[in-house]
Amino acid sequence: MRTLAALILTFLWAVPASAKPVDAVASFTVLADMVRQVGGDRVLVSSLVGPNGDPHVFEPSPDDARRLKQADLVFVSGLGLEGWMDRLIEASGYRGTIVVASEGIRTRAMEEDGKRIIDPHAWNSAANGVVYVGNIVKALSAADPEGAAQYAANGRRYAEELRQLDGYARQMVATVPPDRRKVLTSHDAFGYFGDAYGVKFLAPVGFSTESEASAGTVAKLIDQIKAEHVTAYFFENSNDPKLIRQIARATKAEPGGELYVEALSKPDGPAPSYAAMFRRNVDLMVAAMKRN
Amino acid sequence: MIAGLYQATVAPFVDYGFMRRALVACLALSIGSGPIGVLLMLRRMSLVGDALSHAVLPGAAVGFLIAGLSLWAMGLGGLVAGLAVALLSGLVSRATSLREDATFAGSYLASLALGVLIVSTHGSNIDLLHVLFGTILAIDDNALDLMGAITSVSAVALAAIYRPLILECFDPGFLRAVGGRGSLYHLVFLVLVVLNLVAGFEALGTLMAVGLMMLPALASRFWAPTVPGMMAAAAAFAFASGLIGLIASYRFGLPSGPAIVLTASAFYAASLVLGRNGGFLRRWWPRPHLAA
């Protein structure tokens, strides 16, 4: 009799768990948007780094640690982007799965002060975005098998949207003459974009926002820009634009607009979703390249 | 060989606007901050600069809350906070038995904690001070004008209050006895300190602003026996460090701020050992006294 009561109680306990939405925490806004697109109303996503934030140098608050502890699933982009994530996970006591969205991507490397490091900004190529979506669908289906069909359908739809964006980018870049496909920007985060769509990016500082530029590097970059006749410059919403304005002044280049690379804008801003951000970046950069 | 020397030292400044602006900024900083650094050193307030770089946080935070990421608002807020801290510590050291170094420590720690509180409860995770503090390579004409103006005002003001200020340093009792308002001059001096430092932070970053204020002053101590002599030596050391540091940053690709401050440190170390006026060698192996 008592065992029957105990069994009934345990089943009662188990039932509500699958009815509530999956509590997912993503490391930054771009990833959070992708998870939201796939998850739909079955997943409640929150982002640790907020809109216009910088995912390289995030300083978590105790509230973030608490959210992490209560999460069912944690998404990171990986490839060394979120250097602060390991310590935060450990501090918060989260013991669940950590989904690395960039798993399976063909990475590119870069020389940085003599060191070769892996470029973490994989999402700036829409084709890589499709890989991210695949990993997200897999992870969500594993955590919430009942919603697997919905995730797969959302994933297919979203991946198709991203593939179309990929095609759009190629098409737009093709309208720019090959010798003019150069962009000047303040953060070297467009490596994958450049490789995928054939655009050359010039920048004064390396990947991390913490490195300080030297006079020699700045001078070389000015020379290079003058030699390559770049006429528009871009700064990211998450970086200090003073240095880039200095370089642009020496080379008589003009501002080409604000690019969103590592963070989405606020919901009422110009880049509220990953797809919108990508399309906008392509449009702005192609317009600038045509002026070269 | 002359051509090689020209290429190495003069050519970078002739070719690049940003190098010229950086050099002029160093000149302004040397003339403005050098003498002030000497007085800070003599009054045992050498760590004030570093403390002030933290003390400006609540002002910058309030400026950010009011006007967003506006350098004007944040700079003005920082100035107000810095002034409040400096003046408060000046007043407390007059009114109680604590000396200036202690009262300053008390004020700046409270200010820093307040700043962190404001940022954590209302701000985003953008590192405000990182945005507010500049780098010498990114200095533009407006910042240069501001620095020039502040240097001019500060040099003239220091000249005007020089006599009562020195008297106040050496014999405050006498100054009180003859009816001079010692406190007033001391407070004017503190205002000049904060003005130079906050402008320096915004234009050049904390390392350079504080480094070029204190290190040349410390080096000058070992060469000149009089205060005006020390001030001149400090300004000379500061400008020389700026020049050499910029050239080193250009030739060897070193980050500019640290290169300049390390050059100043090298001057300081050399002065420690070789200085005529109380340096290490002269102390241990004194010259023979004049006979009869």
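The legends below describe several views of a predicted model. Residues are numbered from 1 along each chain as its sequence is written, while chains are lettered from A and ligands numbered from 1 in the order in which they are written. Because this is a prediction, local features need pLDDT of at least 70 and side-chain atom pairs count only at pLDDT 80 or more, whereas totals for chains, interfaces and linings use all residues.

**View 1. The fold of chain B.** Chain B contains 15 helices and zero strands, where helices (H or I, at least four residues) and strands (E, at least two) are DSSP runs, numbered from the N terminus. Its C-alpha trace spans about 70 × 60 × 30 Å along the principal axes of chain B.

**View 2. The side of chain A that touches chain B.** Here 22 residues of chain A are in contact with 26 residues of chain B, a contact meaning that the C-beta atoms of two residues, placed from the backbone, lie within 7 Å. Two or more residues come from each of α8 (215-228) and α9 (242-251) of chain A, and α8(A) gives the most, with six residues.

**View 3. Confidence along chain A.** The average pLDDT, which is the predictor's confidence in each residue, from 0 to 100, is 83 for chain A, and 88% of the residues score at least 70. Within chain A, helix α1 (residues 2-19) has the lowest confidence, at a mean of 62, and helix α6 (residues 148-174) the highest, at 93. Over residues 205-209 of chain A, pLDDT stays under 50. Where pLDDT is low, the predicted coordinates should not be read in detail.
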